[in-house]
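Open the structure in your viewer and keep the selection tool at hand. The tour moves through two sites in turn.

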Amino acid sequence: MRTDTADIERPAKTPAFQQLSPGRKAKNHIATTLFALAFVVAVIPLLWVLFTLVRRGLSPMLNADWWTHSFYGLLPNDFGGGIYHALVGTLEQTFVCALISVPLGVSVGIFLIEYGRNSRLARTTTFMVDILSGLPSIVAGLFIYALWITTFGLDRSGFAVSLSLVLLMLPVVVRVTETMLMIVPDELREASYALGVPKWKTIVKVVLPTSLSGILTGIILGLARVMGETAPLLILVGYSRAINFNLFDGPMASLPLTVYTARKTSTEAGEYRMWGAALTLVLLIMLINLIATLLSKLFAVKTK
Amino acid sequence: MAKRLDIENLNLYYNKFHAVQDVTLQVHARSVTAFIGPSGCGKSTVLRSLNRMHEVVPGSRVEGKVLLDGENVYAPGVDPVQVRRTIGMVFQKANPFPTMSIKDNVVAGLKLAGEKDKKKLDEITERSLRGANLWEEVKDRLNKPGGGLSGGQQQRLCIARATAVQPDVLLMDEPCSALDPISTLAIEDLIAELKKDYTIVIVTHNMQQAARVSDQTAFFNLPAVGEPGQLVEIGETGKIFSNPSQKATEDYISGRFG
Ligand SMILES: Nc1ncnc2c1ncn2[C@@H]1O[C@H](COP(=O)(O)OP(=O)(O)OP(=O)(O)O)[C@@H](O)[C@H]1O
Ligand SMILES: [Mg+2]
C-alpha cells in the first residue's frame, strides 16, 4: 500500500463537514438572542423584588432586638421593637399544620399507590385530592371559619389558622407521596416479596426509604409555600403585637399578618416594620428551601 | 433443605387472559430443571406461580396445585409470605435494594424478618457472598451501596441475597440474560455448585446454557397466537436435546421454528 503525500494533501471534492450556511447562522443568532432576552425579562422583576426587600428591610433586622422582642407597646412613630412574636406565630402554626397534614397525607399517598391502585375508593380519593389542590386559600379560610367558629362556636385562634393550612397542605403531601412512590420500580417490591418479606414491611423498609428524599423535599417545599399564605390569617385570627405562645387562645401574630397590619400604620416607623417583616418572611422561606435541598442530598439514594 | 416440587394441572390467568394451560411436571430435589420455549409462552408465568409471586399482579388467578414435598402451596390458609421464604427467586434484571449497603442487601431477608445477631449476620454475609463467587470482589467494600456494583456483580449479589435466607428451592428467571460471557460462566458454575444444596428451576433462552447446567429440561410452546401456553414435553436434558419425542421440540431446538 503506497500513499502519496500529494494525494493526502489534495482537498476532497466534497468535504464531509461543511461550513454553516449564513442563513442558519443568522437563525441561530436570533434564537439565542430571543432566549437570552426572555431570561432577562423573567429575572429582572425577581431581582428587583429582592433588591427592594433588602434595601428597605435590612436595617430593622440588623438590630438584635428585632429577633428577640415584639412590637408590644410601640407607638405608631416608634422605631425599634422586634419580630419575635410573629416568628413564633408563623413557626407554631406551620409546625402544627405539618404535624397534622404530613402523617395524614403520607398515609393517603401510601394507600393510593400501594393498596388502592385502581380501586374505586382510590380513584375517588385522587379526584377529591385534585379538587382540593385547586382550593383558593381564602375559601379554605372561610370553610374553617364556618366549621370552627360558626358551627363549633370556638374562638378565632392560631389553631384555626393551622387547620386551614392543613387543607392547603394536604393535597401537596398526598401528591408528592404518590409521585415519589410511583417511581419506585415494582422490581424492588417483588425482590422484597421474593425474600418472604410481608407487604407492610416491604413498604416501610424498602419502598419508603427509596423515596424518602423526594417525599421530604416535597413536603418541606410545600410547608414553605403555606407559610406565606395570608388570606386565612385575615379571617381566622386576630393580630397581636405581643408574644403569644398559645395556639388555642387569643390573637396571635405571624409574619404575613404583621406585614399586612404594619402597612396600615401610615408612618415611617410602620413602613420600617412592614419591610422588616417582609424580608424576614422571605429569608425564613429561603432558609427552609435550603434545608430541603440539604435533606434531599442527605437522604438521596447513593451508588458510591 | 432441598425439596421436590410437583406441579399438577396448573392453569394461570391474567384477568380473563388464559396464559398457561394444564401444566403437570415434577421438579426433582437437588437438581436443575430448565424451562425453555419461545418468548411469551408462559415460562416466567409458571415460574412465578411456584412461589406465589404470580398473585402479586392485580387480577391474576391460579388453578391447580403446586406441591412442595407433598404440601400444596395454594392450600387455603397457607401464607404466601411463608411460601416465598421457602422458595426463593432471582430475577432477570438484577434488583439490589438501592438504599442498602452490599452487606445489608445480602442479609436483607433475615434482617427484615427480625434477625439482629450481628455475628450471625456477618457469618451469613460472608458465606452467601462466597457461595455467589462475589466475596473476593466486594469484601473490602461491604458497607458501600449495592447499586455501585457492575451488572454481573449485582446479579451475583441478588443470588447471594436469595441464598442467604436458605430457601429449599431457588427459582431463576433468565438470570444471565443481561450478562457478559464471563459473568454468565461464573453464574453457571455457581448453579452447579448450588444444586448440591438447592432445588433449582431456571428459565433460559440460551440452549447451550440449558444443556450445560440442567439435569432435566421442560419445553413450553404456544400452539397459536392468543392461545394459552402449554408444556410440550419434559425429560432428561440429554434426551431432550438429542432425541426429543415431539416434533415441535426438535424444531425449536434445532432453530427451525415458526
Ligand atoms: N403482568 C401481566 N399482565 C398481563 N399479561 C401478562 C403479564 N405478564 C405476562 N403476561 C402475558 O402472559 C403470557 C406469558 O408471559 P410470560 O412472561 O410468562 O412469557 P415468557 O415465556 O416468560 O416470555 P419471555 O421469554 O419473553 O420472558 C404472555 O402472553 C404475556 O403477554
Ligand atoms: Mg420471561
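Which element supplies the largest share of the shell around ligand 1? Select H1(B): three residues of the shell come from this helix, the largest share. Bear in mind throughout that this is a predicted model.

Next, display helix H1 (43-50) together with strand S2 (17-27) of chain B; each of them supplies at least two residues of the shell around ligand 1.

Now show the whole shell. Ligand 1 is surrounded by 13 residues, and the closest are Ser39(B), Lys43(B), Ser44(B), Thr45(B) and His205(B). Coloured by class, the shell has five nonpolar, six polar and two charged residues.

Turn to the polar contacts of the ligand. Select Ser44(B): an N or O atom in the side chain of this residue is 2.6 Å from an oxygen atom of ligand 1. At Cys41(B), pick the backbone instead, where an N or O atom lies 3.3 Å from an oxygen atom of ligand 1. At Tyr14(B), a polar side-chain atom lies 3.3 Å from a nitrogen atom of ligand 1. Ligand 1 taken alone exposes 630 Å², of which the protein buries 63%.

Move to chain A and select Arg189(A), which is found in helix H8 (residues 186-194). Is this residue buried or exposed? Arg189(A) has a relative accessible area of 4%, so it counts as buried, the cut-off being under 20%.

Follow the side chain of Arg189(A) to the backbone oxygen of Leu181(A), reached at 3.0 Å. Leaving aside residues up to four places away in sequence, Arg189(A) touches Ile113(A), Glu114(A), Arg117(A), Leu181(A), Val184(A), Thr202(A) and Val207(A).

Notes. Residues are numbered from 1 along each chain as its sequence is written. Chains are lettered from A and ligands numbered from 1 in the order in which they are written. This is a predicted model: local features need pLDDT of at least 70, side-chain atom pairs count only at pLDDT 80 or more; totals for chains, interfaces and linings use all residues. Side-chain values use heavy atoms; hydrogens and water are left out. Helices (H or I, at least four residues) and strands (E, at least two) are DSSP runs, numbered from the N terminus. Buried means under 20% relative accessible area, exposed over 50%, partly exposed in between (1.4 Å probe, protein chains only). A polar contact is a pair of N or O atoms within 3.5 Å; within protein, one must be able to donate a hydrogen and the other to accept it, and residues adjacent in sequence count only if both atoms are side-chain atoms. Contact means heavy atoms within 4.5 Å. A residue is near a molecule or strand if one of its heavy atoms lies within 4 Å of it. Accessible areas come from the Shrake-Rupley method with a 1.4 Å probe; for residues, only the protein chains shown count as cover. Ala, Val, Leu, Ile, Met, Phe, Trp, Tyr, Cys and Pro count as nonpolar, Asp, Glu, Lys and Arg as charged, and the others, Gly among them, as polar.
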